[in-house]
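Welcome to a short tour of a two-chain model. Have the sequence and the 3D view at hand as you read.

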Amino acid sequence: MRSCRLAALLLALPAIVVAQRATTPAQQRPNIVLMFADNLGWGEVGSYGSVRGVPTPNIDRIGAEGIRLTNFNVEFSCTVSRAALMTGRYAIRSGAAQPTGITLWETTIPEALKPLGYATALFGKWHLGGFEWEGRRAPTDQGFDEWYGIPLTSNEAQVTTSPGYDSTKTPPPYIWEGKAGGPSRKVQVFDLESRRTIDREAAKRSVAFMQRNVAERKPFFLYYPLTQIHFPTLTHPDFAGKTGAGDIGDAMADVDYNVGLVLDALKRLGVERNTLVLWCTDNGAEARRPWRGSSGPWTGFYNSMMEGGIRTPCVIRWPGHIPAGQVSNQMVHEVDFFPTIAAAVGADIVPKDRAIDGVNQLPFLEKKQATSNRESALFYSNTQIRAVKWKDWKFHYLFVAEPGVPPGPPSMRLFNLRSDPKEETDIKDFNPWAIGVMDKIVADFMETTKKYPNVPANAPDPYKPPPI
Amino acid sequence: MRHHTTVSSALLVILLAAGASGQARPDFSGRWTIAPPPGAPAGRGASGGGRAGDMGSGWGSTITLTQSASALTLEWAYYSTSDLQPPLVFVYPLDGTERTHTLMMGRGLEKQVSRTTWDGAKLVISTSQDFPNIVAGKTITSVVTRTLMLESPTSLVVETNRSAVLGGQASTTRTVYTKQ
């Protein structure tokens, strides 16, 4: 009798497995946690040198348990970087600009993941909807099921305390929240006090979001774009004045603590091994005094094409897939995240009706190949090509060491970043071969814009691309 | 009469040759510096794939040329005074013979092999240089051709053509130096 039951069970087993796959295919896909700090330079992170001596054990742990990239590249400023991250396209293609954001025609990572059954959320800073975002270009209009945070950027926190501020003429900025299908609503005024706590609140909401979806066995895409350490770099009361390393040091302790909240939740919820965690920063170090950040070994700050503006820390972890303890100087760009996440979730979700600049870096991250799938990157300022990186070489079409500082001759400069990481000695005159190689990379990019014209910066919705 | 015609023709050829020679052998001597175009601040106006900058001649913004009957000597202060390095000096024979210059720019000794030709009033300096391991295991040869011409006694134009390598593009830049 017992053996009959066992036989029946064995016979039924394939059907049970098939049934389970059919009913719960979504749970088999990995969760994605993307944490994106703001104006946080290379020199602030422990595993990248921590010039202020403030430990960042949680951020470091991601890299130690996965890979720490030392040649990770981003766009040079907030909005364009977020556009590139979300779309897998250089921002020049999407026409991303602070006043207008990006069109709804752009396909974002959460938009691509939703049809696979992913729950999607943003808690933190959006900055892709433009000034007139409300009801038009909110995160919930771009693939997020829910959001909490600021639609624009952190320095708005200073508005209400600006000398001569008149609330009857200029409404105060707010922290908002919203769910897809409904309007966003104001949570509280975004001022110097709420600026200190917004990242903590966003981390708590992140944890609650993960808990909810783990309970529902639903895969999730959590986008946690922290507002630190963008100016004004004013920190949570738990850390203000605690590190002895100034506002930025305190903010780094806060950033790392909040990252720890997310990591601890993943462990507590038992989904650590099935979650791809990416932590990086949007652009180089904050430059505005008194919150002058550190670019570590690099020269320059955000809003410049110097390495200090476009090379940022990046750590990635996916237990069982990305071998632990890797450190790599292979070139990776933030536009690669979209195709890489697509590969990680095992779905062909990268749009094919437009130019995509990102490449799938998963085989490299998984150590299935020694080199990354990228050997060059373009750096635009608005519509102007400013620099190209190719292998170890970097060619500036217009050398500007810091925004606002007029470019001095020679305007074009070539550096080998291995032998001259600070970009100090122009060697283009002794390497005449380089210009042709760099020009070809730019020309190849421009060729793609013939088939897929760039979206104009002020394009309204609905945007319709010209016929191919 | 026929003899007279022949002599006249020969004389004409000589005179024309002398004239051509006089035109073809301008003296580039002087201290020259790049003058930025008036009212054109760098970094404005370029868009799309447009470039904002300028590659220059490959010789820096200030050069000193000394020309004799047999050679053109280029002196170029690449290093700053505090570097305690002398200016770079390149001597280009004007009889078309090859000249090799060796310099150290941080990736081993580099050899530049140059040869000059006259093209009317223009002096063409062609320089070939090998670059090992720009791509692992490969040596690429880059050829830079500079054409020097005087627009006026105080205006020197250097057109610099850089050959295409590694599937890239050839490029030409035009640099105008003003006599100091």
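Helices (H or I, at least four residues) and strands (E, at least two) are DSSP runs, numbered from the N terminus. In that scheme A:Ile316 belongs to strand S10 (residues 314-317) of chain A. Please keep in mind that this is a predicted model, in which local features need pLDDT of at least 70, side-chain atom pairs count only at pLDDT 80 or more, and totals for chains, interfaces and linings use all residues. Residues are numbered from 1 along each chain as its sequence is written, while chains are lettered from A and ligands numbered from 1 in the order in which they are written.

**Around A:Ile316**

Is A:Ile316 buried or exposed? A residue is buried if 20 or more other C-beta atoms lie within 10 Å of its own, exposed if 12 or fewer, and partly exposed in between, with C-beta atoms placed from the backbone. A:Ile316 counts as buried because it has 25 C-beta neighbours inside 10 Å. Two residues are in contact if their C-beta atoms, placed from the backbone, lie within 7 Å. Leaving out residues up to four places away in sequence, A:Ile316 touches A:Gly66, A:Ile67, A:Val277, A:Leu278, A:Ile322 and A:Leu365. From A:Ile316 to A:Ile59 the C-alpha to C-alpha distance is 9.6 Å, although 257 residues separate the two in sequence.

**Domains and helices of chain A**

Chain A is split into domain 1 (28-374) and domain 2 (377-451), with bounds that come from an automatic or database domain assignment. Their C-alpha centres are 27 Å apart, and each domain of chain A gives 19 residues to the contact between them. The domain 1 side of that contact holds 11 nonpolar, six polar and two charged residues. Here Ala, Val, Leu, Ile, Met, Phe, Trp, Tyr, Cys and Pro count as nonpolar, Asp, Glu, Lys and Arg as charged, and the others, Gly among them, as polar.

| Helix | Residues | Expected span | End-to-end C-alpha distance |
|---|---|---|---|
| H7(A), 246-268 | 23 residues | 33 Å | 33 Å |

After H6(A) comes A:Arg217, with a positive phi near 55°; after H7(A) comes A:Gly270, with a positive phi near 75°.

**The sheet of chain B**

Chain B has one helix and 10 strands, and 21% of its 180 residues count as buried.

**Where the chains meet**

In total, 34 residues of chain B are in contact with 26 residues of chain A. Strand S8 (residues 139-152) of chain B supplies the largest share of the chain B side, three residues. That side comprises 14 nonpolar, 16 polar and four charged residues.

How values were computed. The expected span of a helix is 1.5 Å times one less than its number of residues.
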